[in-house]
Amino acid sequence: MSEFSVKQIGVIRAEGEDFRIELLPEYVPALKGLAAFGDIQVVWWFSGCDNAAARGVLTVDAPYTKGPAVLGAFATRSPARPNPIALSCAHITYMDEDNGVLGLAYIDANDGSPVLDLKPYTPSLDRVETPCIPDWCAHWPGNVETSGDFDWEAEFNF
């Protein structure tokens with residue numbers, strides 16, 4: 001088995017209703033051209049769950065109210081998983097290219113979470129026109145734009 005290393009390129013700031021990414025200075029040049037995109041894929045580290053116990057979780061008992069009794073970690077968005085890597089789609093509200101700051105409409109990350117990579121969201125590669133999803137979550141919003149108004153708390157058993 002190979003061991004991999006990644007470098008943190010920045011940090012997520014989630015303070016109240018203010019969400020942003022602050023890049024480390026050496027990665028600011030990598031923003032060139034990203035301002036033309038309205039949305040990004042943020043690859044980040046579930047740093048609060050990076051421990052042996054969380055990495056050992058392979059199945060979860062009834063995480064969703066309408067879901068099956070047991071789900072594998074790969075069938076959830078849980079931070080408890082073999083590698084605590086997260087992927088979030090986020091809308092860019094502003095970009096300060098000189099200082100390496102990207103304002104976001106929202107991101108489902110804790111303040112201080114390490115950012116590993118940014119990728120432009122492109123529908124031709126990232127959007128699935130008719131995704132196959134289980135019946136128990138078919139009532140979830142069909143896009144990120146409407147998910148903010150959805151009662152997510154009613155969907156989880158924790």
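Student: Which residues touch the most other members of the largest nonpolar core?

Tutor: Keep in mind that this is a predicted model. The largest nonpolar core has 22 residues, and Ile21, Ile40, Val42, Leu102 and Leu118 touch the most other members.

Student: And which strands each supply at least two residues of this core?

Tutor: Those are β1 (10–15), β2 (18–23), β3, β6, β7 (101–104) and β8. As a general point, nonpolar side chains tend to be buried together in soluble globular proteins.

Student: Let's zoom in on Ile21. What does Ile21 touch, not counting residues up to four places away in sequence?

Tutor: With those left out, the contacts of Ile21 include Val11 and Ile12, then Ile40 and Val42, and also Gly100, Val101, Leu102 and Leu104. Val115 and Leu118 are on the list for Ile21 as well.

Student: How many bridges join β3 to β8, and how many join β3 to β6?

Tutor: Strand β3 (residues 39–45) is joined to β8 (residues 114–120) by five bridges. Seven bridges join β3 to β6 (residues 85–96). Both pairings run antiparallel.

Student: Which residue stands opposite Val42 in β6?

Tutor: That's Ser88. Over in β8, Lys119 stands opposite Gln41, and Asp117 stands opposite Val43.

Student: Is β3 mostly covered or mostly open?

Tutor: Mostly covered: six of the seven residues in β3 are buried.

Student: Switching to aromatics. How many aromatic pairs does a search of the whole structure find?

Tutor: Nine. Take Trp140 and Trp152 as an example: their ring centres are 5.1 Å apart and their planes sit at 70 degrees. Edge-to-face means planes over 60 degrees apart, so the Trp140 and Trp152 pair is edge-to-face.

Student: Where in the chain do Trp140 and Trp152 come from?

Tutor: Trp140 is in the loop between α2 (123–126) and α3 (144–147), while Trp152 is in the segment after α3. The two are twelve residues apart, and the pair links distant parts of the chain.

Student: What about Phe156 and Phe158, how are their planes set?

Tutor: At 45 degrees, with ring centres 5.0 Å apart, so that pair counts as tilted. Phe156 is partly exposed, with a relative accessible area of 26%, whereas Phe158 is exposed at 77%.

Student: Which residues do ring pairs link into a cluster?

Tutor: The cluster is made of Tyr64, Trp136, Trp140, Phe150, Trp152, Phe156 and Phe158.

Student: Last one: where is Ile133 found?

Tutor: Ile133 is in the loop between α2 and α3. With a relative accessible area of 47%, Ile133 counts as partly exposed.

Student: And what separation do the C-alpha atoms of Ile133 and Val43 have?

Tutor: They are separated by 23 Å, and Ile133 and Val43 are 90 residues apart along the chain.

Terms used: Residues are numbered from 1 along each chain as its sequence is written. This is a predicted model: local features need pLDDT of at least 70, side-chain atom pairs count only at pLDDT 80 or more; totals for chains, interfaces and linings use all residues. Side-chain values use heavy atoms; hydrogens and water are left out. Rings of Phe, Tyr and Trp (its six-membered ring) pair if their centres lie within 6.5 Å; planes under 30 degrees apart count as stacked, over 60 as edge-to-face and the rest as tilted. Helices (H or I, at least four residues) and strands (E, at least two) are DSSP runs, numbered from the N terminus. Buried means under 20% relative accessible area, exposed over 50%, partly exposed in between (1.4 Å probe, protein chains only). Two strands pair if DSSP finds at least two bridges between them. A nonpolar core is a set of buried Ala, Val, Leu, Ile, Met, Phe, Trp, Tyr and Cys residues joined through side-chain atoms within 4.5 Å. Contact means heavy atoms within 4.5 Å.
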